[in-house]
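Here is a short tour of a structure, meant for a reader who is new to it.

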Amino acid sequence: MIEFVAVEKWYGDYHALQAVSGRVELGEVVVVCGPSGSGKSTLIRTINRLEPIQGGTIRIQGHDIHAPGRDINELRAGIGFVFQQFNLFPHLSTRENVMLSPMKVAGMSRKDAAELADALLTKVGLAHKIDAMPSNLSGGQQQRVAIARALAQRPPLILFDEPTSALDPEMVGEVLAVMKQLAGEGMTMMVVTHEMGFAREVADRIWFMDAGQILEDAVPEAFFTAPRHPRAQKFLADILQPRSGAPVA
Amino acid sequence: MEFQLSFLTSGDVPSLLLSGLVTTVRLFCGAWILGFVVALTLVGLRTIPFAPLTMLVTVFVAYHRNVPTVVQIMVWYFGMPSVLPEPVRLWVNRSDTEFLFALVALGLNVSAYMSEDIRSGLRAIPHTQLEAARSIGLSAFAALRYVTLPQAIRIGLPPLINRTLILFKDTSLAMAIGVAELTYQVKAIENLTFRSFEVFTASTLLYLAASLSLMGIGAWFAKHYPPPYRS
Amino acid sequence: MLDILHRYWTLLLVGSWPNGPLGGFAATLILAGAGILISFPLAIGLGMARVSPLSLFRWPATVWVYTFRGIPLIMIIFWAYFVVPAMTGFKVPPFGTALCAIVVYESAFLAEIVRAGLNGLPPGQIEAARSIGLSYGQAMRHVILPQALVNMIPSLVNQFVSTIKATSIVYIIGVEEVTFAAMQVNSVEMTRALPTFLVLAGYYFVACASLTYAAHRIEMYIARRRVQPAGQKPIVADAVEVAG
């Protein structure tokens with residue numbers, strides 16, 4: 001489904017992605033984790049071309065996403081993207097947020113788009129908030145609307161960029177529950193997250209990234225019980241047993 | 001419409017343009033200095049907890065910000081002589097009357113805006129700065145002078161630079177009362193020679209040179225004296 | 001001062017209308033209002049060009065804005081007086097010339113307001129809009145401009161105030177607005193100059209002070225309504241410096 005071949009990216013002199021290669025198969029859930037600045041968000045943002053790359057190839061369903069003549073809007077319409085900051089459109093109601101892409105990009109009629117939006121919002125548990133404005137929703141509710149918005153594109157694949165990092169702890173669960181449900185339905189997903197519980201339960205594979213490279217690509221059991229790379233070991237140690245303030249070695 | 005560069009160097013044209021430019025610059029500098037001094041005074045006056053005084057400052061600022069600049073110049077030039085005391089009026093009539101009134105009007109006008117720009121700069125400084133200054137023994141005035149005001153001016157720099165630019169352009173309004181600044185001379189040359197294109201172009205370029213320089217100076221200041229707090 | 005007001009308030013308000021063209025403060029407001037309305041579409045284009053990733057659009061727009069912000073309005077009026085008849089072939093009345101000058105002058109300032117409005121939205125908005133497959137044009141039309149235009153309203157009202165004040169200089173080319181009317185009064189009431197001009201100042205003061213207050217109230221209303229989620233600050237149009 002998604003293929004990275006030796007992807008290179010620089011921000012000026014900073015080498016953000018270094019010869020990154022990997023595959024995500026149809027129906028797989030891949031969780032990308034790692035310390036801050038490792039390049040994980042950058043990596044998934046290259047898939048829908050929110051970030052350009054300077055070298056290598058990225059393919060979706062076999063097609064090079066940077067091929068000349070490739071319609072970038074068509075590409076993006078076929079990929080769902082959920083942002084850390086939700087980025088709902090505040091001047092539109094919840095329903096209108098979800099309807100926008102089907103109407104303007106897929107050309108659906110207003111009636112059909114509204115039906116689709118209502119169904120998706122019900123699916124994520126927000127039937128009672130269909131007419132509300134985003135400013136009247138909690139963070140967790142807004143993020144679920146954002147997921148419904150992505151689903152409205154009927155994408156074969158959804159990307160999640162730290163979907164719960166901006167949420168208060170008590171709302172994280174409701175969003176993860178929706179994501180788990182999608183995974184159970186066979187959606188291909190790539191998720192950048194720090195939620196290791198989710199990773200352990202739902203991921204088919206885990207990519208550990210540090211300093212622009214994928215250092216480990218393993219199934220959850222293997223990753224959590226016996227990580228091979230020393231930096232992965234350190235990362236897990238830090239995340240699963242947070243230190244009390246002792247200086248970092 | 002043909003453009004003849006030689007026209008600009010013939011006859012009285014260069015000297016008229018130059019004297020116009022010099023008058024513009026003199027007016028600008030004089031008004032700016034007056035304006036800045038008055039602005040600081042206004043800011044200082046506002047710290048005195050005496051309601052009628054604060055009221056007076058508020059009215060002063062409101063008048064100068066809501067009335068057009070050229071009307072303010074007219075009020076001074078046409079209106080004020082009747083209320084000025086005799087000796088002052090005599091002195092003004094002997095000197096360069098129009099220039100003086102234009103300078104005063106422009107200076108007070110810009111002072112009102114600058115005082116507000118400095119005030120918003122002051123508001124942006126955390127209250128803790130003033131507390132720290134007072135707790136080391138500085139009086140309210142000294143705290144203002146040594147601690148808060150220098151910081152406020154840095155923060156207020158972008159609007160202050162912008163206001164300076166507007167002042168430079170507003171010197172052209174003085175032509176309405178006959179001050180022989182650049183725009184006045186442009187019109188005078190046009191009346192004499194009926195050749196507009198060359199002289200309009202020259203004066204436009206002169207104004208642009210001045211504004212772009214002011215913007216450049218502003219950018220330099222913003223870079224070397226950045227606001228101490230990131231908003 | 002009150003008797004000047006009493007005797008000449010209609011002249012100052014509407015000029016010699018109905019026995020002549022509409023003048024006075026009514027003409028001032030029409031000139032300022034029409035200037036902004038006509039200039040606004042142009043300014044939206046310029047503002048979008050100013051933030052465009054394509055230098056083909058960005059450079060000319062930047063030059064236009066810097067030029068017309070950098071010279072006094074009176075110079076633009078002189079240019080209009082000189083250029084407009086030459087371009088259109090017939091003699092344009094002073095009101096028309098002044099209107100052209102004001103449209104061009106305003107376009108530069110309004111463009112900067114538009115630019116600040118566009119830049120004031122969180123970058124996540126354009127990213128989200130593009131991520132759901134909207135083209136740049138669709139994203140602008142359905143997501144960015146609706147929000148940016150509402151946020152710009154206080155700045156636009158303030159710019160209207162500035163324009164009202166700016167029109168005070170057009171009497172020089174013979175436009176019969178309120179300053180022109182006041183000069184007429186002054187030439188009749190020769191010893192009453194101070195009250196005459198203070199009354200003139202009064203007309204502007206009332207209009208501008210009320211509009212400025214209204215802009216402030218609108219700004220507070222918008223800021224209250226648009227509290228952003230995820231810890232982002234309320235969106236208030238950036239304080240863009242307006243003229244005068």
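Predicted model: local features only at pLDDT ≥ 70, side-chain atom pairs only at ≥ 80, totals over all residues.

## Salt bridges

A:Glu3 and A:Arg23 form a salt bridge, and their closest N and O atoms are 3.9 Å apart. A:Glu3 belongs to strand E1 (residues 2-11) of chain A and A:Arg23 to strand E2 (residues 14-24) of chain A, so the pair ties together parts 20 residues apart in sequence. A:Glu3 is partly exposed, with a relative accessible area of 23%. A:Arg23 is also classed as partly exposed, at 41%.

In the whole structure, a search over all chains finds 26 salt bridges.

Another pair sits elsewhere in chain A. A:Asp217 forms a salt bridge with A:Arg205, with the closest N and O atoms 3.0 Å apart. A:Asp217 lies in strand E10 (residues 213-218) of chain A and A:Arg205 in strand E9 (residues 205-210) of chain A, so this pair ties together parts that are 12 residues apart in sequence. Are the two partners buried or exposed? A:Asp217 counts as partly exposed, at 34% relative accessibility. A:Arg205 counts as buried, at 15%.

B:Arg89 forms a salt bridge with B:Glu86, and the closest N and O atoms are 4.0 Å apart. Both residues lie in helix H4 (residues 86-94) of chain B. They are three residues apart, about one turn of the helix. B:Arg89 is partly exposed, with a relative accessible area of 29%. B:Glu86 counts as partly exposed too, at 48% relative accessibility.

A further pair joins two chains. C:Glu127 forms a salt bridge with A:Arg45, with the closest N and O atoms 2.5 Å apart.

| Residue | Partner | Closest N and O atoms |
|---|---|---|
| A:Glu3 | A:Arg23 | 3.9 Å |
| A:Asp217 | A:Arg205 | 3.0 Å |
| B:Arg89 | B:Glu86 | 4.0 Å |
| C:Glu127 | A:Arg45 | 2.5 Å |

## Where chain C meets chain A

Which elements of chain C give two or more residues to the side that touches chain A? They are helix H6 (123-131) and helix H7 (136-166) of chain C. H6(C) gives the largest share, seven residues. By class, this side of chain C has nine nonpolar, 10 polar and four charged residues.

In total, 23 residues of chain C are in contact with 25 residues of chain A. The size of an interface is often given as the accessible area lost when the parts come together. Between chain C and chain A the buried area is about 2,100 Å². Carbon and sulfur atoms give 56% of it.

## Where chain C meets chain B

Chain C also touches chain B. Here the contact takes 35 residues from chain C and 39 residues from chain B. The two chains bury about 3,300 Å² between them, 76% of it on carbon and sulfur atoms. Which three residues supply more than any other three of the area that chain C buries against chain B? They are C:Phe78, C:Phe82 and C:Leu194, with 17% of that area.

Across the interface of chain C and chain B, the rule finds zero salt bridges. It does find seven residue pairs in polar contact, both residues at pLDDT 80 or more. Four helices of chain C each supply at least two residues of the side that touches chain B: H3 (55-70), H4 (73-88), H8 (178-188) and H9 (193-225). H9(C) gives the most, with 11 residues. This side of chain C divides into 25 nonpolar, seven polar and three charged residues.

## A residue in helix H9

C:Thr196 is placed in helix H9 of chain C. C:Thr196 is buried, with a relative accessible area of 2%. A polar atom of the C:Thr196 side chain lies 2.7 Å from the backbone oxygen of C:Arg192. Neighbours within four places in sequence aside, C:Thr196 is in contact with C:Ile4, C:Ala182, C:Val185 and C:Asn186.

Methods. Residues numbered from 1 in each chain as written. Chains lettered and ligands numbered in written order. Heavy atoms only, no water. Contact = heavy atoms within 4.5 Å. Buried area = accessible area lost by both parts, 1.4 Å probe. Salt bridge = Lys/Arg side-chain N within 4 Å of Asp/Glu carboxyl O. Nonpolar A, V, L, I, M, F, W, Y, C, P; charged D, E, K, R; others polar. Polar contact = N/O pair within 3.5 Å; in protein donor to acceptor, adjacent residues only side chain to side chain. Buried < 20%, exposed > 50% of the residue type's maximum accessible area, 1.4 Å probe, protein only.
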